[in-house]
Amino acid sequence: MDSRAGSSFRLIRVRIAGRPRTGRPRTGRPRSGLRCCAIGGASHPMVETHTADAMQPVEQSSAICPAIFPPDEVSRWERKGRGLAVFRCPDTFSLPEVESLPGTAMLVDPDEEQEIPGDPDRIVLKLTSRCTPHLNSLVNRIVLPAYRRYIPLYLFASWNEEDLDTGAVQIPDKEEIEAAMLPLLREQLRSLLVFTCVVFPDSEALSASRKPWLTPVEVMMHEGLTRAGLPHRLHVRLGPACVDALVSDALVDGPHDGSPYDGSPHDGSPHDGSPHDGDPHDGSPHDGDPHDSAVAVEIDGRAFVRDDQIHLERMLTEKHGIRKFVRFSGSDVVHDLDACVEKVRSTLTGRGNEPPIRMPDPNPSLAGEQAGCLKPRSGVVLTLAPAGSGKTRVLTRRVVEAVRGGIDPGRILCVVFNKAASEVMSERIHGDAGLPGVHIRTLHSLGYEICRHAPDSPYAGYGVVTDQTLPGGLTDLFRKVLKDDFERHASAAPYPFPEHLVIAYEEAASRFRRTLIPFGGDDPSVEIEGFDGDQARRIREEVDRRMNAKALMTFDEQLFRAVEFLLKHPVARRVYQHRFDSVLVDEVQDLTPVQFLMLRLLSLPLNNLFAVGDDDQMINTFTGADPENIRSFQRWYPGAAIHTLGANYRCRPDIVTRSASVISNNVNRFDKPIRPVQVQAGPGRDTIRVIACPSLEAETDAVVRTIRRWRKGGYGYGDMAVLVRVQSIAAPLQSALNEADLPFDPMDAGALFQSHAGRTLGAYFDVIARDERANPLSYALSLSFPSRRLSNEQLREAALLGHRFFERTDRLPGGRTVGPRDEVVANEVVANEVVANEVIANVETYQNNIEVLRGVYASPDGSPVEFLNELLERTGLGAYYMRQEKNSRQRMAASAAKSIDSIREIAARCHCKKAFVDTYLEAMASEAAADQMDHLHPGASRDDRITVTTIHRSKGDEYKGVILFHVVEDILPHRRMTGSEADVEEERRVFYVALTRAEERLCITTQRKHPSRFLAEMKPGGVGNRPMRLRGRLTHLRGRLTRVRPSSIARYVLGCCRQILP
């Protein structure tokens, strides 16, 4: 990359060599010239940037600029969409030879809703400081559309060009994002002017200038070609056209002084590296001159190439012998000037030419509303794509059209949500479309790259937190820092130690890096008992300090640090903003505020952003996903095009209509014409089956029967999936599938037994059931939770001695034998004798509880579930995890509650306590469940196994047959998601996503006493109508009771039940 790439460029004045500096026009044609360039970097000192809260108007005396070019010259000038930008203009400033032309649209301080009126030939935009509050609307509704439509823009501003300078921007809180974007919008306007306008610092400079006029990117390319020793002419006319630069290979292999076409008669030969006297549009024209082997360079400024330009280039190539046209966008030049110059050189010499980009076929073919998503060709577009509407197909075709429109595949970024989506998109774009150069990335991977490789990044060489790089994990680091903070700001850590604050502070730090919500406000952490915002900030800062010392960053920090760095460093920001000409993003509704801010940064300055999403599938708000991504899209991007898809190509009609009926109950959503494309064959009675069962065991049996029936019907195991709302209910389901000898991919194999609650309960089971044979580590772990205030040294001793640890009670603090070492140990654990005696009491209570639980375990009375409940209550472990659940909605606390529910379900399926404990301990000691399944089903490939997963993880997948397991109240909707209408609507979206995973068949199991409220919303003919249908059948049956034999009645009732409750 060019050493100057991404450097901070300014619109600065460059005096032409040999010409006096002057502020007044001479008589006749202006002779002294000012031009603008966009240069910076190592060879040029960094210009100090200046930011202003408002663009300040500047008083000037002159009002009307003298004529600068005749009307016929305006036509040639504007043919490429070129314009002028003049700053420090008085309010009465005028350019009559432009403003008086037919087709001129005059806009003076346009309001926020103003758009380009009609289809003008040019736009004259006069601005004062009053436009500042509407800068976002101004850029998106007027400047960018003019840029894309090749409408010349004449910008006359009363404020200084320095008002567009942007320096460091602090990363904002969520509510301050729009304020933080304002200086970036000024920077965006500057970039657009750099691409297509000749910029003058004031009106006097315009009147005193001479031509040729060059846009800043033209100046950059001219200077790059000159430094590389490539002879070239500027603004060369070829028949009706004019090319920006014509480079010849005549002197490439011979000695030269860098002067383009030394000695050749032509207008404006810049022998000194700057344009000389003369106008390349006047003087001796070059029409018809032979230009064999010359390369025409077009610095168009734009990414997309118009079809008429392509035809013109073909004609000029044939008529004038041009070897090739090489076209660069403004971002190409700014991002990597050296690479652009080298591309021109290699085209001239024929050495090292990169292979031509294969123009992809217009596939996949689109029709109807999908085809409408291809327009406009550039700009900001949001496509609302319901489930099964073919959004991946649309996204792929949009990439194809970008390449067909002239964008290099290597300058296209396609953002996907996760690695699985990346693989799917890669297959479609890299494979099917044949465009391997397109970047398909997750935002986190891109953030990690920016942190490690951006210019002057302080995070170069940083690694990611793993068990190896950070032993004990991030939670342990937060715990240590919290203990140190208590010692520093309080006399001692409270007793018992507030373990829930460790989790709360870690969550708060992670939440801020995802959502930019500071401590307080909407942060749910403030409701946690003992939560201190000041302490939370100190903890986060100290953890950051220690992480930086280890050169480590967390998963959330990969993106947060990248956004923070780009905002603070204009050089790095410019490198990555000009790296891509087109940005496409999938699942935009699932982006967090930090992710969307990164997306907005990367899409500047061109705003060629194509976003696909569906607010009906927004089910990840618990991770920080922001509904405003879609709801406020047009506020962030005024004038953005919004397309809505409605046709469902995936699911059978009955599934489409019933799922649409469910989601239509949500109020906060965009209305969509959801409809099926497939034609229903028959009544569709077997498409959706809802099975109401008396118990959970009956539900698992119904799942097994359904799978076997589908298997007999021709489905492979890989065509089927069983989805659950929460992981905790998967244990009995997987156990039933295992007993039925059905091959399946377990959900999170071994995760239950490796969770905190799973390992701790396993340790208790081991100590209770095996006594002296128990693993010594089980004694240490069961003594640790809940905390009994044993020191780390004592717990290590328990891990070595096992049951023999209790034979040495004299070693506990406060024991009957007191010696110097005991005092040291006591001082390490507690600060006074009272607490020391409490430790002894805690250990004695532990021993007594274990003895009682051994008696319960050995007793023939009582069920495994009762034994588990007794253990949780007597040891205090249940209350310990309940406190965590109360103080935290995520991470350890939530997973502990789910794990305990799963363990309770396992206990419910076991016939006795011994079988339960033995099964559990064997599972803990065994290898991963996936390996067990490989052993049980060695002939079953991964592709021919039933998928068992959560609804959230199934998003984006599709199966021929889907079973939704245990759809009951408190599970779907979840009991923690019924407190507000917004929570219920999200749970309804979860149910909608689950329904639309099924292509052909859908089976839902529920319980008769507690069916989910969402089942009644599946109309027409849904569960909500079945009571009425059943009542009608029973009324008809009552009239026949006196006329038929009992055996006939029995058969009739059985037939009715089979039809109504399959």
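**Exercise 1.** At what angle do H3 and helix H4 (residues 177-196) pack, and how far apart are their axes?

*Solution.* The model is predicted: local features need pLDDT of at least 70 and side-chain atom pairs count only at pLDDT 80 or more, while totals for chains, interfaces and linings use all residues. Residues are numbered from 1 along each chain as its sequence is written, and side-chain values use heavy atoms, with hydrogens and water left out.

Step 1. H3 and H4 pack at an angle of about 20°, with their axes 10 Å apart. Axes are lines fitted to C-alpha atoms, for helices over the stretch in contact, and angles run from 0 to 180 degrees between N-to-C directions. Helices (H or I, at least four residues) are DSSP runs, numbered from the N terminus.

Step 2. Angles under 35 degrees count as roughly parallel, over 145 as roughly antiparallel, 65 to 115 as roughly perpendicular and the rest as oblique. H3 and H4 are therefore roughly parallel to each other.

Step 3. Contact means heavy atoms within 4.5 Å. On the H3 side the residues include Leu-135, Val-139 and Tyr-147, and on the H4 side they include Leu-182, Arg-186 and Phe-195. By class, this contact has 10 nonpolar, 3 polar and 1 charged residues. Here Ala, Val, Leu, Ile, Met, Phe, Trp, Tyr, Cys and Pro count as nonpolar, Asp, Glu, Lys and Arg as charged, and the others, Gly among them, as polar.

**Exercise 2.** Describe how H17 packs with H19.

*Solution.* Step 1. Helix H17 (residues 555-568) and helix H19 (residues 593-603) pack at an angle of about 40°, their axes 10 Å apart. The two are therefore oblique to each other.

Step 2. Among the residues that meet are Leu-559, Phe-560 and Val-563 in H17 and Val-594, Gln-595 and Met-598 in H19. The residues of this contact divide into 10 nonpolar, 1 polar and no charged.

**Exercise 3.** Which residues of the largest nonpolar core touch the most other members?

*Solution.* Step 1. A nonpolar core is a set of buried Ala, Val, Leu, Ile, Met, Phe, Trp, Tyr and Cys residues joined through side-chain atoms within 4.5 Å. Buried means under 20% relative accessible area, with a 1.4 Å probe and protein chains only.

Step 2. Of the 53 residues in this core, Ile-123, Leu-125, Leu-193, Met-221, Val-297 and Val-333 touch the most other members. Its largest share, 8 residues, comes from helix H3 (residues 135-148).

Step 3. Leaving aside neighbours within four places in sequence, Met-221 is in contact with residues including Val-297, Phe-328 and Val-333.

Note on methods: Buried means under 20% relative accessible area, exposed over 50%, partly exposed in between (1.4 Å probe, protein chains only).
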